[in-house]
Amino acid sequence: NGMPSRGDAYLHLAEAQRQAYRYRDALATYALCDNTRVEVLRGRAACLESLRDLDGAREIYRQLLQSTPDDAAALTAAGRIDAKRGEHAEAKILLERAIAVTPSDVRAWHSLAWTLVNLGENDQATEAFREAVRLTEQIQLTEHLRQRVDEDPSDVQSRLRLGEIMLKEGRTEDGRMWLRSVLQIDPANTAAQELLERLSQSDRL
């Protein structure tokens, strides 16, 4: 019938309360939701972390990671909490796992950098800070290019650049989509043709 279920309605209310910084109200509303849902667990953990109940938040993130060990957001959050608790060696392991899953996660790199500083691993910390800065600049560039495409959908150069960035980040399908959009506007564009050809060759390997 298109009507949201009672559980969905509670979940939407809890999210709204959390975004309004009403963490205790949000926790009470999350308690009325289905506690096996990932969104509910994430929301509860975020509220507990904001209320500085690091043990409670950490317990929920660990629970999430038992069912989905490659959940990059949960790995980053659990690592961040371990770092706040002064458990930097454990934090490092979790944050490195998060980065292995999602290498373009700026927050994970930033948290890892500070964790490495606290472990006295200064050379690696410098590298992690550099990567966080590079990714932040890349995000800003991507947003700028998307804006240019919004303003002028026939902007082939911005579309091509977006395709190249996505491929470099390992986001193959997004890259392919942008490159195909170049050829829809400019079918003779050799740069897009070559990149797509290279992609289809690697698909065949």
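Helix axes are lines fitted to C-alpha atoms over the stretch in contact, with angles running from 0 to 180 degrees between N-to-C directions. The exercises below concern a predicted model.

**Exercise 1.** Determine how helix α5 (residues 72–84) is oriented relative to helix α6 (residues 88–101), and describe the contact of α5 with α6 by class.

*Solution.*
1. The two axes come within 8 Å and cross at roughly 160 degrees.
2. Angles over 145 degrees count as roughly antiparallel, so α5 is roughly antiparallel to α6.
3. The crossing in which α5 passes α6 is left-handed.
4. On the α5 side, residues making the contact include Leu75, Thr76 and Arg80; on the α6 side they include His88, Leu94 and Val101.
5. Sorted by class, this contact of α5 with α6 comprises nine nonpolar, three polar and four charged residues.

**Exercise 2.** Classify the ring pair of tyrosine 21 and tyrosine 23, and state whether tyrosine 21 and tyrosine 23 are buried or exposed.

*Solution.*
1. The model has two aromatic pairs.
2. In the tyrosine 21 and tyrosine 23 pair, the ring centres are 6.4 Å apart and the planes stand at 75 degrees, so the geometry is edge-to-face.
3. Tyrosine 21 is exposed at 64% relative accessible area, whereas tyrosine 23, at 18%, is buried.

**Exercise 3.** Characterise the pair formed by tryptophan 114 and phenylalanine 129.

*Solution.*
1. With 5.3 Å centre to centre and 85 degrees between the planes, this pair is edge-to-face.
2. Tryptophan 114 belongs to helix α7 (residues 106–118) and phenylalanine 129 to helix α8 (residues 122–151), so the pair ties together parts 15 residues apart in sequence.
3. Tryptophan 114 is partly exposed at 48% relative accessibility, and phenylalanine 129 is partly exposed at 25%.

Note on methods. Residues are numbered from 1 along each chain as its sequence is written. This is a predicted model: local features need pLDDT of at least 70, side-chain atom pairs count only at pLDDT 80 or more; totals for chains, interfaces and linings use all residues. Side-chain values use heavy atoms; hydrogens and water are left out. Rings of Phe, Tyr and Trp (its six-membered ring) pair if their centres lie within 6.5 Å; planes under 30 degrees apart count as stacked, over 60 as edge-to-face and the rest as tilted. Buried means under 20% relative accessible area, exposed over 50%, partly exposed in between (1.4 Å probe, protein chains only). Helices (H or I, at least four residues) and strands (E, at least two) are DSSP runs, numbered from the N terminus. Angles under 35 degrees count as roughly parallel, over 145 as roughly antiparallel, 65 to 115 as roughly perpendicular and the rest as oblique. A crossing is left-handed if the near helix is turned anticlockwise from the far one by less than a right angle, and right-handed if clockwise. Contact means heavy atoms within 4.5 Å. Ala, Val, Leu, Ile, Met, Phe, Trp, Tyr, Cys and Pro count as nonpolar, Asp, Glu, Lys and Arg as charged, and the others, Gly among them, as polar.
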